[in-house]
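User: I am new to this structure and would like to learn how to read its side-chain features. Please give the general idea each time, and then the case at hand.

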Amino acid sequence: MSMIKIDSNNAGSCRQCISLRPSNENLKSCIAKEALDQPFDVTLVAEDVEFKAHKQILSKASPFFEKLLNSEMKESKEGVIRLEMFTEAVMRNTLKFIYSGQVEIAADEAREIIAMADFLFLHDLKTLAEGVLAPKLELNISNCLSNYYFFERYQSEQLSSLSKKFVLKNFSTISKTDAFLNLSSKEIEMWISEDEIEINAEKDVFEIILAWINRDKRGRKKCFAELFSRVRLVYISRDFLCSNIVTDDLVKDNDCLGLVEEALQLIDAEDFDNPSILRPRRSLETSVLLCYGSKDIVCYFPQEHKWCTVGEMPSKYIRNGPVFSCHGKLYGTVLESVATNEQYWKHVSYNPYGDSWVQLPSIEETKYMRQIFIKDEDEIYALEAEPCTNRSKNFDDFCRLHARRLFCDEEKHSFSITKYNPDSNSWELIGRLNHLHSREDMCIVAHDDFVYFIGGIKWQLGNKCTLVSDVERYHLGNHQWDKIPNTHVVRDWTYGAAVGGKVFIAGGINAGEAIQPCEVYDPATNVWQFISNFKCFDFRPKDLRNLLSIDGNLYALLLVSVGKSGCRVKDLHLKIEGYDPEEDEWNLKTEIAISVFNHTFINACSVRVFKGFLDSRLLESCVPDFVTKSTMSCGYDKKKCSVM
């Protein structure tokens, strides 16, 4: 057995091989000289090679060594720790890192270093090895599963995430491999429960389960019922449910017919507000622009360049306000007329699958709703304000929901951010903030962990206001404010959206004049830049109705007047333009003429819907009330869409 000493001059180096490997500089920078001058008092063994080291140094670096060397175990008493599962090279590099805080790691050693670092609880060493391996990790259909489980075992989150994303993206192909078909039932259950698996249809999940069962039918059929419960049956066609699933022996023999019958009842009743229904797999969804006027709700499908009717606004909703979407549902503010001829502004939710409306809980009576915003299409937040005692007595319910001109210059006004919890149907406090004192009409964009507050107006002494170009962002996690560069143009009433990790803004007003330039902020460079303007040359402030992110692309919704100059009433056209970042230009995607009498209340947002929403049965023609029937050739699909 050879012996390697970790001495004070060349810690982590093999004495007999030192001439073959350059010594690491400044090896003792992180360790007290007194500790290095002490005699070696512990021996580590890997591949029959002994490494001499110091108990004090090992214990300080690693919780594993600290617990082991301060116990009554054999290794502590004898001063010998055998780590024969690791190679001599990995042991040498690990000790070099412990003694010096730095080490050069070759890509072919990185996996073993990760395993060693995890075993010894050396977080920084693991991170270093992950950084070496990540850019050189070559994933393919054959090795992605083994890579995923290796990195999961050693809690390498970055590399585990990369491997998992590859599996999910190629799931249809990987599910047919021997590696997948040899997984345990719990592992299969984990994969088929994922929202992100890439499949062509939900019935594929059922067929994947059958293929796994048939690999060892006698031993695996007992697992069928549990796996079958992970199939989202309401997103499978009625024909396939009745022809293929109901008749399957495994379904009948495992008392699973009840699940199928329940799914059929939900499909027939179009009960898509039922809390038991999970969302479709993300690969079976598509992003659309959901738009509504005074009556009909319509969808624009960017990939198909088609419009279709989804449903109708209830007659009691006589006016609508801002609209946004989250988890496949539309949320907005509507003016409701009741039997007593009274009118109330309310927050509502619309489910396009079941064409149903649900009222959301009201905000506290003592607060004003400044603005509702969505973070990464998944979470709903609201900026709320405490009342201004000098103004609150003059405000009705509309003002509480829309928060226009709420503040004075005579007192401080406190704010808070709340988050909507769909499970409890309530608003929950996230944090209180006073950073936006007397600020209004700002553009709010949420992306990753940040909420950006852009531009707007600020009230000053004498009840006067000033437009500002200030931009701040608030971190939802650590509740910290961060000042970032101002926009190039001072603007009020602007729209914004986060696309591709960047924040885009467009439109707005400055001293009553329309603002043409669009701007983009890149967090990586911390710089605002101008981008090209809309194709629509007659753009006015009120023409821009929203700026939207749809499947990673930027779209603008414009409502513009067209026609010959001199006409008393010009035709109104609803235009959708898409931004091409490579060419830095906006391109017209679709255009339809609308009724001049119903244009005031047109709003839109992007929302993800089940692809079956477009491919399902097509009912009678239904033209939105705000579309001019004479312009049906402008891209409107004369069909009404329904789910299943």
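User: Is aspartate 178 buried, partly exposed or exposed, and what is its relative accessible area?

Analyst: Buried means under 20% relative accessible area, exposed over 50%, and partly exposed in between (1.4 Å probe, protein chains only). Aspartate 178 has a relative accessible area of 48% and is partly exposed. This is a predicted model, in which local features need pLDDT of at least 70 and side-chain atom pairs count only at pLDDT 80 or more, while totals for chains, interfaces and linings use all residues. Residues are numbered from 1 along each chain as its sequence is written, and side-chain values use heavy atoms, with hydrogens and water left out.

User: With which residue does aspartate 178 form a salt bridge?

Analyst: Side chains of opposite charge can pair when their charged atoms come close. A salt bridge is a side-chain nitrogen of Lys or Arg within 4 Å of a carboxyl oxygen of Asp or Glu. The partner of aspartate 178 is arginine 215, with the closest N and O atoms 2.9 Å apart. The pair links distant parts of the chain, 37 residues apart: aspartate 178 is in helix 11 (residues 178-181) and arginine 215 in helix 13 (residues 203-215). Helices (H or I, at least four residues) and strands (E, at least two) are DSSP runs, numbered from the N terminus. Arginine 215 is partly exposed, at 37% relative accessibility.

User: Which parts does the salt bridge between glutamate 379 and lysine 419 tie together?

Analyst: In this salt bridge the closest N and O atoms are 3.4 Å apart. Glutamate 379 belongs to strand 13 (residues 379-385) and lysine 419 to strand 14 (residues 415-421), so the pair ties together parts that are 40 residues apart in sequence. Glutamate 379 is partly exposed at 23%, and lysine 419 is partly exposed at 25%.

User: What is the nearest side chain of opposite charge to glutamate 577?

Analyst: Lys and Arg count as positive and Asp and Glu as negative; His and the chain ends are not counted. For glutamate 577, that side chain is lysine 575, 5.9 Å away; glutamate 577 is buried yet has no salt bridge. Glutamate 577 lies in strand 31 (residues 571-580). A polar atom of its side chain is 2.8 Å from the backbone nitrogen of lysine 535.

User: How many salt bridges does the count come to?

Analyst: The count comes to 20 salt bridges. Salt bridges that share partners also join Lys186, Glu189, Glu226 and Arg230 into one network.

Key. Polar contact = N/O pair within 3.5 Å; in protein donor to acceptor, adjacent residues only side chain to side chain.
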